[in-house]
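Please look at the sequence and the structure shown below.

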Amino acid sequence: MNPGNVMVRLGILLALIVGSIIYLLPVVWPEDSKPSFLGENPIHLGLDLRGGTHLLFTVDVDKGVEANLARTGEELAREARAESIPVTVTHEGMTLTAKLEAADKREAFDAMISSRFPTLEMMPGDASLDQVRLTFTKRDVEQIKRWAVEQSLETIRNRIDQFGVAEPTIQRQGTNDIVVQLPGVQDPQRAKQLIGKTAVLEFRLVSDGGKEPTDKLTAAQPTAGAPTEYMLEKRVLMSGTAVADARMRPATQLEGPYVELILSDSGARDFEALTGENVGRNLAIVLDGKVFSAPVIRERIGGGRASITGSFDIKEARDLAIVLRAGALPAPIRIIEERTVGPSLGRDSIRQGILSLALGGLLVVVFMVWYYRGAGVLADVALALNVLFLMALLAAFGATLTLPGIAGIVLTMGMAVDANVLINERMREELRLGKTPRAALEAGYERAWAAIRDSNITTFVSGLILFQFGSGPVKGFAVTLCIGIITTVFTAVFATRVYYDLRLSQRRLARLSV
Amino acid sequence: MAEPRTKKSPRAGAADTEKVASPAARQDLNFRTILPRNLSIDFVGKRHIFVILSTILNLLAIALFFIRPLNYGVDFTGGTSIRVRFAEPTTASAVRDDLDNLDLRDLTVQDFGDQGREFLLRFEIKEGEEMNSVSQTLSTLFNDKRGEGKFEILSVESVGPKVGADLRRQGFLAVLVATVFMGIYIALRFEFSFGLGAVIALVHDVLITVGALMLTQYAFDLTTLAALLTVIGFSVHDTIIISDRVRENLRRNPKADLAAVINQSINETLSRTLLTTGTALFVLIALFFLGGMGLQPFAFTLLIGLITGTYSTIYIAAPVVLLWSKSSRLAKS
């Protein structure tokens, strides 16, 4: 080995050590006296350590498609009436049934569908002239499903933003699932309700016994003096899309906190028109299929404001305002997996993890020095560097440290010495064969390498498989395992060799202390 | 390079005298050891006893599948598990009484340490039941029965049945893929018989470890599965170290008796095997006792896996290599 080469390697090693230490300093430096050149704390703790909630939602895309079909049906009926084609459209699952009052309008009706409703197609097997059954084309169904998931993601993101959670993670998983991670949330129950609420808002008239098709809905909360069930016309006069803003209003002397809706310009016009046409009737405000109130329309209401009252507390009213502002979910969503860790359990886990890391590490360190003396000290230095680099790399990759991740570090410490044991045992063997320290050193490193390489590759691959398969905490373990193998090979083989070569280049290696 | 290297005989031996130091340059050889020098234990000769023993243990593990199956965690079965800590010590049956009215399906209450303060509640999710309402109900209930602030819900894990089934399938697949990959890798880097030996040793290790989990009824969840996959990695790790030495010794002495070479190789690497396994045992024992209840199944799995992984290299992988080479030699002649 020529000395220049050694100096280059020494330089690389020192640069990495100094770089890692500076990078990791913010982890231990107290926040209040931290100098400005130190960055943010780069180590992200997983939910299992800092506490928080991990939720997996699945979007019921089929329901989303059905809801979309129902809306398209309403639109179809409106447009047809505007073209003076009298028709009633009923919706059932994945079918719209359009009943024409006059069979001679059929041609005009068909023309309207093909020109303005390209997503609809006629279902086979219709014989009669005055009745058409319609559904979405296959391609459109797929598109609506995709849109439903994307839109849900967007809506959930909006709601969480407004709810105010630091560093949330909202991601799509698979085709129809959405992962939501909320670190440090104190009240996971409330967060779950906020996210999971479909928030479909409808303004519908209470039936006056006319010929409009009706259905029966229940009241949101039982209130004194109000019915528990309502017969409502199926027709939706206005929906949540007309809402531009929603605000929680504090309690007054007459009633509790309520939510005020501020309508968009077109929403305000529609609202003025519909209230004008229906003076004297009851207008029901329906949220997610539950009737919140059904006041009598006393006069035409201008100004684009409406309110939702009910017996809310302040939190409920605030959350309701958030969901109305962020918009409705295009499809119902359901929680299929939940993992919540309270803050105290996370603290306990960190303490226990560090304790076992310290004790296990100490045993290994002491044993190595006792057994290998000089080479043992060197292996221990390599071990310390190993943990340093491992933490720095974890931070640099933006990986999160989880409880199994800490276990991975503990395990890495236990296994990391293996490479040095292999090298040292080999050097002893070569010395026993009567070699010079220098020859024994070279043979030791060279011959141990094949075994070190092959054995670490296989462990690395099992780590990769784990990463591919695992979720959350297990991924954290896989990441530490894989990074730990890289840093182990680097520190145990490359770094320790720098030391020996440095000694060699100064011609000061008279004996090997192994 | 200062030292010229003889490329023809890469393996050093007593033969390459050029590198042997003059007596003056020799250093003292009084290393600290845990094993006597020139150790020669007859591992290979006693293999039949251990192969029979291992076979019996494996059959017992398979029998356990039917008698005392794995205690799958909610990760794999679906369901809810809630860890709760009370301010005052109590008993599992008292907690169970508290929950009586809720009519939770398949409820189990497990004492989770901390002098009777911590408990793990586990129950199934009813078909169509809203998952998010359960922890709320529990909070209200304990508030009622134990008083406000007298309890704390430490963690909630709730997994839908479909997710659980998916995870179970994927977990099984991961173990299978890992095992097959290891076999292929070793067969390519060494010889087919080594790969076969490693795979059979892996199956053995997985069976023994899973058997130990069935016996102790530690929860088998995602974290335990991670430990099991790590066991596979480490078991192969150990097999490779010895295989590497066997290959090296065979190269130096191609005509030697395979059984003798394997035995020599195991002896030569024995101190390394004991040292590495020993240091890993140190940290695992520390993790087992100090890492907290959450990591105990994980540490236990690795402990058992490490021991059986070390054992199986010597008594499973090596005999398979011997058996294969014997039968292929017979086939050739």
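Helix 6 of chain B is followed by Q217(B), whose phi is positive, near 60°. This is a predicted model, in which local features need pLDDT of at least 70 and side-chain atom pairs count only at pLDDT 80 or more, while totals for chains, interfaces and linings use all residues. Residues are numbered from 1 along each chain as its sequence is written, and chains are lettered from A and ligands numbered from 1 in the order in which they are written.

**Helix 6 of chain B**
- Helices (H or I, at least four residues) and strands (E, at least two) are DSSP runs, numbered from the N terminus.
- Because 18 of the 25 residues are buried, helix 6 of chain B is largely enclosed by the rest of the structure; a residue is buried if 20 or more other C-beta atoms lie within 10 Å of its own, exposed if 12 or fewer, and partly exposed in between, with C-beta atoms placed from the backbone.

**Strand 15 of chain A and its partners**
- Five of the five residues of strand 15 (residues 283-287) are buried, so this strand is largely enclosed by the rest of the structure.
- L283(A), I285(A) and L287(A) point one way, and A284(A) and V286(A) the other way.
- Strand 15 pairs with strand 9 (residues 201-205) in the antiparallel sense over five bridges, where pairing requires that DSSP finds at least two bridges between two strands, and F203(A) stands opposite I285(A).
- Strand 15 also pairs with strand 16 (residues 290-293) in the antiparallel sense, over three bridges, and K290(A) is the bridge partner of L287(A).
- The hairpin of strands 15 and 16 has two residues between the strands, and D288(A) takes a positive phi near 50° there.
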